[in-house]
Amino acid sequence: MGTGASSTLKDATQDELKTLVNSLPKEDVSKLSRAIELLDSRPRGVQQMCSQHSTLRFDASRAVPKKVMIEILEGLRSVPSSANTQPWTIVVVQGDKKAQLAAELVAKLDANDAGTSEYADLPSAMIPRMEKAVNEYRKDQQATLEGTKSAIASAPLHVLVTAPVGPCLKEEPPVDGVYLDMGSAMTAISMCAQDLGLGVHCDFAVAKYGSVYKEVLGDEFPEDHFVICGISLGYGHDPQPAACLNRLPVDETTRWTTCDPAWLMAPATPLPPSAYGLMHLVSSRHCSHSLDVSKVVPKDLISDILAAARCVTSIANSQPWAVTVIQGEARDKLSKAMLDYFDAGNNGGQSYKKYSTQNTARMQKGKDQYGFELYEQRHGLQRDDADGRRQKYRPNYEFWGAPVLLLLNLPKSSVAGTFVDVGSFMYGLLVAMHSYGLGGKPLGSVAKFTELCRQVLGEAAMPSEEHLVCGICIGWPKDGRDPREMPDWYPSRLAMDETTRFVSNSDWA
């Protein structure tokens, strides 16, 4: 049942609900009752994700304490990134500088200044469902513009997400993996802020005004970086105007053909409700490396995870992702083919650029830290032990024991902004999984064998006009561990002050 339907039910009178129920066939009444029961038992984190919206007006008189912003940024440190590089630099602008910045940005918007974004946000040729979603979003551009100006002007905080120039703008081709990480970072900030009671307004349009940021912030603007997006944060004004965008149905972006029919038809399985909110889920989420292949992950949970993840922000609401769900016989067949191919000495390679040859010093520090802690500290393998390290990499193709694998795809026409969007969606999937107590992890390794996936699964499941961005394995931790309370191994992260700058009044507390 879509957003519109649930909203209708929520606002209906008792007599209207009674009339609706009486008009349904008996089997549909049973289905409706079951659906309502399952919705009520959804984890709190998933419910929060499904209620995400864009705040259009903030209470400018109510300050956001600095400790709240620090808590959000500490949550951000748990976000996964390509080889633990953590490429983002976050700039938090408050007080007098924020007021100056907002005035200049609003003036640019009032003047319809086209500006120049340093990265491409949308493909010039979009697939039909993307084009449909973008056209729907653009129907009332004036209302969108007014909402953006209101949010920027009234929010007490403006959070700037920036990316390094070298990997993104100077390398050829650009490193799409960095853009992927940017999407995850901005989504984590939004989720943490929402759980702490803040309104959120993510805006990609401000990326075209990089010169304004550099002029207002001066030396505080990160050197050799550029703007990905701005996020307005603050406590919402009451009554609260908010923008709730329509999302594409899960089945419009998901392929289920590589799943066992019995699994697809199995009845829904309610789970005990979970009270964990998004702040806890973002902070505690990690990769699980030991999953129980024999313990079924029900199809309705996968559907709900996909439904929650689709609520993340995407540029012009484009929702460019496609997901192929792999389960049962197809899952076993694909894993065997990948293991055989890997054991024959093949390494493969992504169809897009995942890793940079121009890492900043800070990115390289995060990457080196990860390699040392994983291979040398955890497994006792020296840097030159290629065979030993290869064996530790092998379980990626066993999907770490997960009974379900998602293949996360994008159109081959994708540009930088499309990868930002799929990074947001990927992170949404990871948090929704974690909300249910499921373990798993992103598998960039799977994307190295795109052609093999196509050979094994067929063109319909892995279309040749799509990039395979990554796999995501999903399962219950093998040791009965609740990943929301007890983490598996994960690498150290850079300190918050290494990835963050504050531009604020001296008395902000």
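**View 1. R42 sits in the loop between α3 (26-40) and α4 (44-50).** Helices here are DSSP runs of H or I with at least four residues, and strands are runs of E with at least two, numbered from the N terminus. This is a predicted model, in which local features need pLDDT of at least 70, side-chain atom pairs count only at pLDDT 80 or more, and totals for chains, interfaces and linings use all residues. Residues are numbered from 1 along each chain as its sequence is written, and side-chain values use heavy atoms, leaving out hydrogens and water.

Is R42 buried or exposed? R42 is buried, because its relative accessible area is 14% (buried means under 20%, exposed over 50%, partly exposed in between, with a 1.4 Å probe and protein chains only). Leaving aside residues up to four places away in sequence, R42 touches Q47, C50, D304, A307 and Y436 (contact means heavy atoms within 4.5 Å).

**View 2. Strand β5 (residues 225-234) pairs with β3 and with β4.** Let's start with β3 (residues 157-164), which runs antiparallel to β5 and is joined to β5 by 8 bridges (two strands pair if DSSP finds at least two bridges between them). Here L157 stands opposite L233 in β5. Strand β4 (residues 199-203) is also antiparallel to β5, over 5 bridges, and G199 has G234 of β5 as its bridge partner. As for cover, 10 of the 10 residues in β5 are buried.

**View 3. Residues of helix α6 meet residues of helix α11.** From α6, K97, Q100, L101, E104, L105 and K108 take part, and from α11, V212, Y213, E215 and V216.
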